[in-house]
Amino acid sequence: MSTGVGTAAAPRATRREWLGLAILALPTMLIAMDLTVLHLALPTLTADLRRPGVRRRSAWWC
């Protein structure tokens with residue numbers, strides 16, 4: 001175990017720093033969850049919004 005002059009323990013994060021991290025991370029997590037739910041629900045939403053009786057056009061790359 002070295003106790004030299006150049007080895008100092010890193011300062012620990014305080015409660016305020018952890019709170020700041022949580023405040024910044026929470027909106028990011030909520031946006032990610034919202035986009036995931038929207039991505040999973042998109043086929044159902046598209047089918048529900050499609051007008052009945054209208055034929056679907058083929059994709060432009062076909």
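The secondary structure of the chain comes to one helix and zero strands. The model is predicted. Of the 62 residues, 0% count as buried. The accessible surface of the chain is about 6,800 Å². Carbon and sulfur atoms account for 67% of that surface.

**The helix**

H1 covers residues 15-49. Its dimensions are listed below.

| Feature of H1 | Value |
|---|---|
| Length | 35 residues |
| Span, first C-alpha to last | 48 Å |
| Bend at Ala41 | about 50 degrees |

Even so, H1 bends at Ala41. A proline, Pro43, follows within four residues of the bend.

**The nonpolar patch**

Which residues form a nonpolar patch on the surface? They are Ile31, Leu35, Leu38, Leu42 and Leu45. Together they have about 460 Å² of accessible area. An α-helix has 3.6 residues a turn, so residues three or four places apart point the same way.

Leu42 belongs to both pictures: it is found in H1 and is part of the patch. Is Leu42 buried or partly exposed? Leu42 is partly exposed, because its relative accessible area is 44%, between the 20% and 50% cut-offs.

Notes
Residues numbered from 1 in each chain as written. Predicted model: local features only at pLDDT ≥ 70, side-chain atom pairs only at ≥ 80, totals over all residues. Heavy atoms only, no water. Helix = DSSP H or I, 4+ residues; strand = E, 2+ residues; numbered from the N terminus. Buried < 20%, exposed > 50% of the residue type's maximum accessible area, 1.4 Å probe, protein only. Areas by Shrake-Rupley, 256 points an atom, 1.4 Å probe, with all protein chains shown as cover. Patch = residues over 30% accessible without salt bridge, like charges linked within 9 Å, V, L, I, M, F, W, Y side chains within 5 Å. Salt bridge = Lys/Arg side-chain N within 4 Å of Asp/Glu carboxyl O. Expected span 1.5 Å × (residues − 1). Bend = angle between axes of the 7 residues up to and from the residue.
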